[in-house]
Amino acid sequence: MSATDKYIDYDTFLADDFDATKYTTSIINESNASSDAIDIHTELSKLAFSIDIVNKQIQEEVVTNYEALLSQVTGIKELETVLNTVQLNIHGLNESLQALAHKIRDPYNQLVVYATQLENMQTTCELLRKLHRFILLKKRLEVQLAHDNIDRDISTAALTIYELETIMKESDFEGIDIVTCELQFIEKSRDRVEDEAHTLLKEGIETQNQAKMAAGLQVFYNLKQMGDHVQDIIQTMLNDLIKEIKRVVDMQSLQKELTNNSNSPNVRRMNNHEPAIGNNQKQWTTAIWNRMESLMTNMSDHCIKIYSLEKVLEIKKDALTHVSFLEEVAKTLDANSLVSYFWRILSASFEKELKDATKVSSFLQNVLVGDYPKLLKLLHDFFSRVAMHNGTLLSDYSQTPEYVIMLRSFQTFQTSFLSKSLQRMYDAVNSTFPTYGSLAKSPPSRNNVLNITRIIGHELETASFEPNLSQAIANNAVKALSMFCVKCENLLPTNEQPVYTNNSNTAIINYLNMNIEIANILYYMHQSTWKILEEYPEKTVDIVKKGADDCHTLMMKIGQRLIESMKKDAASVLLKIHNEDFSGKIRRNFDPEDDSSSYMKELQRHVRYYHTTILQNLSCGAEPKSWARQISKYILHVFIFQASLVRPLSEAGKLKLAGDMAELEFTISQFMSEYGARIEEVGDEYRALRAFRPLLFLDSAQLTAAHHTAGISKLILIHHLIVRSQRQQRALQLPNTLYDLSREEYMKWMDSIDNENEVVQLVLDSITKGSKLTESQLEEIAEYKLILTIASNE
């Protein structure tokens, strides 16, 4: 840029939005605002100067680049020549296109005309064909519906009508007189066919005539209206039933009915919905159940109709697709079958109407809850009729979804009824156990038990016709029996008392009497419960069995507690064997029977006491015999165990001990005979007693022979050999002494170990490790060698 360029403002004039008028106006406005009037002239001078400078620069550029400018002028002339040539070619091309368009357009226009004519002819032919078909179908329909046609089949007429209507919908017959004049005939024919089909279907459903139902359904199927028509029939039935249900539970209509049937004055109202029943409860209740019975009969009739209709729909099939009519109807109903749809709507409506009615009428609520089995019996009879119609057993039908759905609609009443039923059982139990007064701590009587079982039996009998309700009542019975057991157990003394007294100790007598009476009443309850279950099905018995077993279990628990107390008492007496002197010498004229032990006489008194005071008073079936056998087994076991520990034991002592055994055998034999049993039934313990008596008088070496010691445990033999070692200079010590245990503690310890080999090893360890004798000293003791022999025998 030259030095003069800095005086020129190029940017202002090069701007895209430069406007000369605006630029001039701005200069004038600036000069008017300024006090100096020379500003316009100055600006004009600048513009003139700038123009001169620009002209000068243009000239300089032209002079500098004149060769390039000349070459561009030559190129422009050549370009004009080329453009002229192209223009001529374009003109020729346009003329060719116009000629070609002329050759194509005329045939195309002619083809369009021909195509239009052909389309019109085809439409006309199609219309004529349909018109011809319409005329044929119309004539066929006249023949099919002629009154003198004996073989008239309205199902084929229905198919003809449907085809005629389809043709009229698909074609535009407007303005064609031959069609217009027949429209009224077709409409009347359709009405006639529909009326006859409806009559056939209705009569078929009412009379259970499958042929008529099939004919009516076929007509509506041909008319493509079967689904909607069947749905209308079902809905009509449902509406009738719902209306009937509302009437049955409407207390206002019931009041009008009772008022019209009697000469009594109008019944005043308790509120807007429920009249005051007054003293007419029986009359109102009878009227309600009469209505309910009529409703159930009506419902069963409708259900049978639905089943019959569904059976026909299932049999009928489309001739071409072989799809059953039932599948077509199910699509319309949006259900698997007619029956499921019918039951779903009916049960929901039935449940709703009953709930709404009982909300506003407490009397109706009380009737339906209090006599719920009667309501269920009506439902049971209702399903019996339906099952009989279907040719199935009610027991099989009671597992169907329809039965379950209807039963669920009664759930509210069943829950309330079960609650009241349970309360009646609880009341019977609670009345047996008063919380205050003189009888507060007295055990229940047999009359109380009979009252409870009578109520349980009545509740079960009320629901015996319906398995589900019967099982629910059975569960309530179990709860009542469990409550009875809990209350009986609460009466039992908590502190343990001895069972034997020889001075009429009041505490002991009361303790025994309470246990005995509670055990007896529990057994009586157990037997009474089983007695009322004789006529009930297995499932009900299995449920109530738990409650009866609870009574038996508690009775056995009480009995076992008494048995353990008697065992403990007998053991304390038998332990006195060690207070006797068995080390004496044989005297002249020695008689073991005259020299009997004091502990044995005491044991005899105690055993007689067990029988007369306790077991004889237990009325628990065969259990006292079992308990007597347990006591006998335990007495013999303790005697043999303690007798094997008696030390010192002389020959006279053996005779005395043998006499004690004879007395014990006689005592136990008498004790067992009181319960019709023999002493042999005691088992191993009796055989051990019989074997132990001759064993006392055998040589020590003979104690290892199995035929001499059959029935006697190794522990008893080892004890006896240890006792016999007293004749040696160095005698073996008894295991209880070495283990620093009392004879009672030692016996309990040994009894707690089930493995005999382990017991024997403990005794051997006490001899070898607990004794102060060395191994060689032990070897010198003959009894020790015999003990090792016995221990090693299998």
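Visitor: How many helices and how many strands does the chain have?
Guide: This is a predicted model, and its secondary structure is counted along the chain from the N terminus. Strands number 0, and the count of helices is 33.

Visitor: Is the chain spread out or compact when set against the globule rule?
Guide: For 794 residues the globule rule gives 28 Å, whereas the radius of gyration of the chain is 59 Å. Along the principal axes, the C-alpha trace spans about 180 × 115 × 70 Å. Because the radius of gyration is well over the value from the rule, the chain is more spread out than a compact globule.

Visitor: What percentage of contacts between residues at least 6 apart in sequence join residues at least 24 apart?
Guide: Buried residues account for 42% of the 794 residues in the chain. Among the contacts in question, the share that joins residues at least 24 apart is 75%.

Visitor: Which residues is L338 in contact with, leaving aside its neighbours within four places in sequence?
Guide: With its sequence neighbours within four places left aside, L338 has contacts with V230, I234, I306, L309, E310, L313, L326, V329 and L333.

Visitor: Where does I205 lie, and which residues is it in contact with beyond four places in sequence?
Guide: I205 is part of helix 7. Its relative accessibility is 5%, and the cut-off for buried is under 20%, so I205 counts as buried. Leaving aside neighbours within four places, the contacts of I205 are M213, I233, M237, K305 and L309.

Visitor: How many residues of helix 28 are buried?
Guide: Helix 28 covers residues 714-724 and is largely enclosed by the rest of the structure. Its buried residues include the charged K714 and R724 as well as L715 and I716.

Visitor: Which residues lie nearest the centre of the largest pocket?
Guide: The largest pocket has a volume of about 500 Å³. Helix 24, helix 26, helix 28, helix 30 and helix 31 each supply at least two residues of its lining. The lining consists of 19 residues, and those nearest the centre are H637, S713, L715, I716 and D751.

Visitor: How many residues of the lining of the largest pocket are nonpolar, polar and charged?
Guide: The lining of the largest pocket comprises 19 residues. They divide into 6 charged, 4 polar and 9 nonpolar.

Visitor: Is Q604 buried or exposed?
Guide: Q604 belongs to helix 23, residues 598-614. Leaving aside neighbours within four places in sequence, Q604 is in contact with E663 and T667. Its relative accessible area is 17%, and the cut-off is under 20%, so Q604 is buried.

Visitor: What distance separates the C-alpha atoms of N280 and E564?
Guide: N280 is in the loop between helix 10 and helix 11. With a relative accessible area of 33%, N280 is partly exposed. N280 and E564 are 284 residues apart along the chain, and their C-alpha atoms are separated by 63 Å.

Visitor: Is the peptide bond from R647 to P648 cis or trans?
Guide: Most peptide bonds are trans. P648 is placed in the loop between helix 24 and helix 25. The bond from R647 to P648 has omega near 0 degrees and is cis.

Visitor: What is the phi of Q208?
Guide: Q208 is located in the loop between helix 7 and helix 8. At 29% relative accessibility, Q208 is partly exposed. Most residues other than glycine have a negative phi. Q208 is not a glycine, yet its phi is positive, near 60 degrees.

Visitor: Is D740 buried or exposed?
Guide: D740 occupies the loop between helix 29 and helix 30. D740 has a positive phi of about 60 degrees, although it is not a glycine. Its relative accessibility is 70%, and the cut-off is over 50%, so D740 counts as exposed.

Definitions and conventions
Residues are numbered from 1 along each chain as its sequence is written. This is a predicted model: local features need pLDDT of at least 70, side-chain atom pairs count only at pLDDT 80 or more; totals for chains, interfaces and linings use all residues. Side-chain values use heavy atoms; hydrogens and water are left out. Contact means heavy atoms within 4.5 Å. Buried means under 20% relative accessible area, exposed over 50%, partly exposed in between (1.4 Å probe, protein chains only). On a 1 Å grid over the protein atoms alone, a cavity is a set of points where a 1.4 Å probe fits but cannot get out, and a pocket is an open set with protein on both sides within 12 Å along at least five of seven lines; lining residues have an atom within 4 Å of a point. Grid points are joined across faces, edges and corners, and a volume is the space filled by probe spheres set on the points. The radius of gyration is taken over C-alpha atoms; the globule rule is 2.2 Å times the number of residues to the power 0.38.
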